Amino acid sequence: MTFALASELPAWKTLQGLYDQQHANFSVIQEFAKDSKRFEKLSHTYTNFDASEIFFDFSKNLVNDETLAALLQLAQEADVVGLRDAMFAGDHVNTTEDRAVYHVALRASKDAAAPMKVDGKDVLPEVAAVLAHMKEFSDSVRSGEWKGYTGKRITDIVNIGIGGSDLGPVMVTEALKKYAQEGLNCHFVSNIDGTHISETLKPLDPATTLFLVASKTFTTAETCTNANSAKSWFLESASQNDIAKHFVALSTNAEEVGKFGIDTANMFGFENWVGGRYSVWSAIGLSVALYIGFENFEHFLQGAQAMDTHFTTTPLAQNIPVIGGLLSVWYNNFYKAQTHLIAPFDQYLHRFPAYLQQLSMESNGKSVTRANVFANYETGTILFGEPATNSQHSFFQLVHQGTKLIPADFILAAQSHNPIEQNLHQRMLASNFFAQSEALMVGKNAAQVESEGAKGGLVPHKVFSGNRPTTSILAQKITPATLGSLIAYYEHVTFVEGAIWNINSFDQWGVELGKVLAKAIGGELVDKKEVASHDPSTNGLINKFKQWSL
């Protein structure tokens, strides 16, 4: 494995030279004119395990054959393949925490030809055992066999977690809502703001509500506080002995789980090689299995595993996540693009950008390399997004005519789950999907604006520069398998970025300092005594809060 700064690699210097030579006059439209095969060369069809397909069109990006060759050379020099293979071998690629990063084992085939080992131990039997437990439990709840303390079946599931223990399950259950069982509702509580738990519980019946408490250590402050508030709400109607019928734990801390009152037989564990932002594939996905059924959850896993196979077996030049990751590096480090837009043209995917924010920015929001030195180049793209077409009426103005270059991914399913009005809605949605990427590429010059009747000072206001890059991702339909593949695609894009930048994409020390300070400040908020132990601004804010709240 290489530990060099990315900027020291020969290909990096080649890319800088290409950017300096090309960027001022580079035109995607001209590149299409030069190369009649550009679309075919820069688009790739991905075939899922169930023979469904996803089409990735990279042809509207600001690259040509020379640029792509240099980017692929950068991947080789940064040893992307070696790092990828090390991760898939269970090596401790999380260097600062000395851990394996093995979420890929959670979706490995049940009939895997070879063991998947961490520290010499095959983890697949344990993964299979947890999945079997999840199947047994989810089948029991969905069938009505599992009953609450009054003998009624469960109608509402409340997942209490934070970070990956919330963002993953809430995104997937929203994305796959069409597959949900009628009469079974899923809710999520993550924010420590009491409003979140209060408003969630308000319409629910304790006798028909099942709580999933998602905390590996069962000590996460926000999760445990919300769980205890949920327990207090529940005990207003039920007894301590009834807790076991209405609370389960997604945790490995049997002692704390037992103290809470949860039967440890209803504890679903996962290992320390499962990072929070990769945990939806693990027991953290129990809410998903309950909501859409275990068979669909298995298809979700299999879709991700199919993308894993593509990522590990396809040559770099045709490797879809590798191309996606290299394009991100190209824009971030050479075009100095600060942001990346994810715009799903699908209402069910309305939480997908938020999920990808954690995946991308918690993984690659780092400034120190694996060689323990500060990077002298940009890392960690700022990812944002909302579903189109709503977002077209908000921030798309900046994307089209602003001063910033904002690479964008547009995602659409050809087949809607709700083809109402003879599929009119889906045709209108698709027309916007195609039009937006075309408009961002072709733009509109002054002559065109004038030919439409604009005159004088109005002309520049109606000019669109164009040449703004997009990647179009067209799926046949958003099924559990398709969603699994899309998530895995972005996981591997993030991996490739981190490998090029030579950073550890798998720790998250940046979230720790605020937590430590919050714990200390929490003890200062219990009385009216003025504090003076912080900086003047923080002291003033704390004291004003205490005046108004105590």
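Mentor: The lining of the second largest pocket has eight nonpolar, 11 polar and two charged residues, where Asp, Glu, Lys and Arg count as charged, Ala, Val, Leu, Ile, Met, Phe, Trp, Tyr, Cys and Pro as nonpolar, and the others, Gly among them, as polar. The model is predicted, with local features needing pLDDT of at least 70 and side-chain atom pairs pLDDT 80 or more, while totals for chains, interfaces and linings use all residues. Residues are numbered from 1 along each chain as its sequence is written, and side-chain values use heavy atoms, without hydrogens and water.

A pocket here is an open set of points on a 1 Å grid where a 1.4 Å probe fits, with protein on both sides within 12 Å along at least five of seven lines, and its lining residues have an atom within 4 Å of a point. The second largest pocket has a volume of about 500 Å³, meaning the space filled by probe spheres set on points joined across faces, edges and corners. There are 21 residues in its lining, and those closest to its centre are Asp 346, Gln 347, Ser 416, Gln 426 and Leu 429. Helix α17, residues 420-442, gives the largest share of this lining, with six residues; helices (H or I, at least four residues) and strands (E, at least two) are DSSP runs numbered from the N terminus.

Turn now to the largest pocket, which holds about 1400 Å³ of space. Its lining is made up of 42 residues, and Thr 220, Gln 508, Val 511, Glu 512 and Lys 515 are the ones that lie nearest its centre. By class, the lining of the largest pocket divides into 17 nonpolar, 16 polar and nine charged residues.

Four strands form an open sheet in the order β6-β5-β7-β8, with parallel pairing, two strands being paired if DSSP finds at least two bridges between them. The edges of this sheet are β6 (185-189) and β8 (247-250), each of which pairs on one side only. Strand β5, residues 156-160, and β6 are joined by five bridges in the parallel sense, and within this pair Asn 159 stands opposite Phe 188 in β6.
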